[in-house]
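User: Hello! I am new to this structure and would like to learn how to read its features. Could you walk me through it?

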Amino acid sequence: MAPASYQASTRGDKADKTTYSQTTSSNLSSSKTPVSKLLEGKGDAVFSIRPNDTIDHVVGLLKEKHIGALVVTDQNGMLKGILSERDIVRQLADQADGIMDQSVEALMTSDVVTCTPSDPLTDVLKRMTEGRFRHMPVVTENKLCGIITIGDVVNYRLKEVEYEALRMKQMIVG
Ligand code: AMP
């Protein structure tokens, strides 16, 4: 028998009396987790290059730092572009001759999509998936304050899921 506090809905009940306390998105803690939370663990280091650096310099840096992209900044630290390993591979396929002497400016993407520390991680993940890129510089008050990759977001989310599963298990088992 249903508990006394439970009131089954009747035909007279209004259909629009829906509550959203248990929607899928409200149950995903990551839907509210901001980018800044991820940066707390990762730090704010951003490896950058200049527009007139050579691709030779870039490939050395990508190898040394074990990363897949570098942000391009001017002498004032202003964001000018982003250059990823994909841009280099594309150029290798199109015209490999002399690639090492080419400038960053010639191969970089100038129209950079950025996020802010307060943007929700799910939002950023969606923008990266839709834009088909794996790197997102984080900018606040026109200053670079970090970079996050699709891998960072997925790893962070995996840890959250593991933690949520553990909490649920503790609630059930006690
Ligand atoms: P990625 O998947 O990040 O290695 O980059 C794939 C392509 O997208 C390359 O042409 C990059 O220059 C470009 N790209 C990477 N990150 C961004 C970004 N945040 N905004 C715009 N383009 C980007």
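User: Which elements each supply at least two residues of the shell around the ligand?

Analyst: Helices (H or I, at least four residues) and strands (E, at least two) are DSSP runs, numbered from the N terminus. Here β3, α4 (85-94) and β4 (135-140) each supply at least two residues of that shell, and α4 gives the most, with 3 residues. A word on the source: this is a predicted model, where local features need pLDDT of at least 70 and side-chain atom pairs count only at pLDDT 80 or more, while totals for chains, interfaces and linings use all residues. Residues are numbered from 1 along each chain as its sequence is written, and side-chain values use heavy atoms, leaving out hydrogens and water.

User: Which residues come nearest to the ligand?

Analyst: A residue is near a molecule if one of its heavy atoms lies within 4 Å of it. Of the 13 residues around the ligand, the nearest are S84, D87, T109, R134 and H135.

User: Where does D74 lie?

Analyst: D74 sits in the loop between β2 (69-73) and β3 (79-84). The D74 side chain reaches the backbone nitrogen of M78 at 2.9 Å.

Key. Polar contact = N/O pair within 3.5 Å; in protein donor to acceptor, adjacent residues only side chain to side chain.
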